Amino acid sequence: MAKLLDKQRYKCALGAMQTVQAIERAIPILHSGPGCAQKLSDGNGSSGYFSPNIFPCTSINEKDVVFGGVKKLHSTIENSLKVIDADLYVVLTGCIPEIVGDDSGEVVSEFADAEKPVIYAPTAGFKGNNYRGHEQIIDAIIDQYVKKTDKKEKGLVNIWADVPYQDLYWLGNLRELEKLLKEIGLTPNTIFGYQRGIKNIDKIASAEFNLLISPWVSVKNVKKMEKKLGIPYLHYSTLPIGAFETSKFLREVGKFAGVDEKKVEDVITEHENYYYYLIERFADLFLENRVINKQFSVVADAQYALGITKFLTNDLGLVPAKQFITDDTPKEYREAITEEFKKLNYGLEAEVVFETDSYKVHEQIKSHDYHGYPLVLGGYYDKEVTEDLKGNFLNISWPVKDKIVLNDAIVGYEGGIRLIEDIYTVASQRFN
Amino acid sequence: MSYLIAVATSDAKVVDLGFGAAKGFHIYEVEGTEYKEKEYREFAEEEISSDVQSGCGGQTSGCGDTNNCGSPSGGCGDGSQDGCGGTGGHGGCGAGSQSGCGGSDGALRKVNLIADCRSLVCKKIGFQAQKQLEKKAIAGFDVECSVDEALTKIATYFDKIDNHVSLRRG
């Protein structure tokens, strides 16, 4: 039976061209029908160097379906190398060439001797959504570009966290995580955003360990790096937002990296003092219980649903209603993620639903008793239903129409404060 | 149900002629994935060129006179030297085809002669011809390979499409 999926919150795997876009001076070469890049790009900014409208594309048509599109792919790569000044060329395949069986890997291997690296990631839509596509890109970089090395740099840590562009705070969050790791004496290495790019990709292999902050995205990548490059990993499933989670996070990372405990505690104390100073200044606002909603729901991918639920419960003392994970989390990770939602302070547990269909999400929001107006943190799709319920809405997940984020972050101590500002800005507007 | 495929080839072995250069087409009849040659359709050279002439510059088209052409009321493009004009419904002037005037008209005459075919295979297809083929829902393939290879691939493709079979290879 065919099913309808109402307003899903992800794109096809080819949407991972945005992951390539986040790597400075890297360009995706699309082996797909015309228009894919246009449809998959959205308003959350481009790389600043290449626009999705000029991504080289084979624009395959009926002829290529019948006779194969490998010749066209070859000439597209060849000419891209000639006319586009980039550091890394990533060939991505769409649905059609993969269905009809074009051997894109074979074509790409013909460019092994090219001056610039050309790699290939299969990102056909039927292989999964853009979260999986993101993993495919990282896998391609590890498999086809990164070389194993025995020279390890002391204290160097690769950070893997958000999916660029799918997550509107990806840039700010990565920078904030880097800052935190630096403060406890480690050297962070990320590959996305300003002045990272290929030179940081080159450093991946010499890292002491991989730090993965995500409930499930990229678990498979860090496992691959452990096997292929011999880099151990720390999988930390909760994105640390606010004082409680961030301090816990720093302690765990510090312990794993063998950082002096006192140093970590000093950093934590300094941050917490300032954090609680800010909160105390507005204690009247926070204690005025008419301002904020009693219960909240987060409608987002596993990363934000978990991170924000923990933050709002542990730091702000709100009560979680049902939480919705919309990223089509692979089944093997669901149980562990559900368990994480039970590890909240004050003996609270949150019920979590894995649901990709927005209609069903909205029906459940409508039928839940929030003991007053709901607070919904979600995608733009959830704005209308929240307004119907006279609730407070904040756009924190894809699709994003209500917010422009240049380098804001919601991770760490600072990020927690930003999120409080945003939530209370919305909540207090009700009284104006 | 069987259908026809037109192939531009000089020797019935290799697809070696462009659409414009072809004097005629070998027509193959396809049933499922089996095909056999049905006939050879040839166009009289003069038929094409005379058609072009009548579509262009002729007084009947109301535009041959360069004085009329280009005047606001002339309705005939930009008063080009060709003085060529719309032959009624056939889509305007010139449009950069080799023959100067006639534009899509020349291609159209040829396309009309294979209008009962489902597909056309040749070495190269020009822009005008491609558009005219699309209008008649004829799938044009510009490839360089043997006639057998082209027909096998196209027949397999249509067979799958018609029977709602996945195009997945292997």
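**Exercise 1.** In which sense do E1(B) and strand E4 of chain B pair, and over how many bridges?

*Solution.* The model is predicted: local features need pLDDT of at least 70 and side-chain atom pairs count only at pLDDT 80 or more, while totals for chains, interfaces and linings use all residues. Residues are numbered from 1 along each chain as its sequence is written, with chains lettered from A and ligands numbered from 1 in the order in which they are written.

Step 1. Strands (E, at least two residues) and helices (H or I, at least four) are DSSP runs numbered from the N terminus; two strands pair if DSSP finds at least two bridges between them.

Step 2. E1(B) and E4(B) (residues 119-122) pair in the parallel sense over three bridges. In E4(B), B:Leu120 is the bridge partner of B:Ala6.

Step 3. With strand E2 (residues 24-31) of chain B, strand E1 (residues 3-7) pairs in the antiparallel sense, over five bridges. Here B:Val7 stands opposite B:His26.

**Exercise 2.** Describe the side of chain A that touches chain B.

*Solution.* Step 1. Contact requires C-beta atoms, placed from the backbone, within 7 Å. Eight residues of chain A are in contact with 11 residues of chain B.

Step 2. Helices H3 (62-67) and H5 (95-100) of chain A each supply at least two residues of that side, and H3(A) gives the most, five.

Step 3. By class, this side of chain A has five nonpolar (Ala, Val, Leu, Ile, Met, Phe, Trp, Tyr, Cys, Pro), two charged (Asp, Glu, Lys, Arg) and one polar residue (the others, Gly among them).

**Exercise 3.** Which residues is A:Val90 in contact with, leaving aside its neighbours within four places in sequence?

*Solution.* The contacts of A:Val90 are A:Val20, A:Ala26, A:Pro28, A:Ile29, A:Ile119, A:Ala121, A:Ile137 and A:Ala140.

Technical notes
Two residues are in contact if their C-beta atoms, placed from the backbone, lie within 7 Å.
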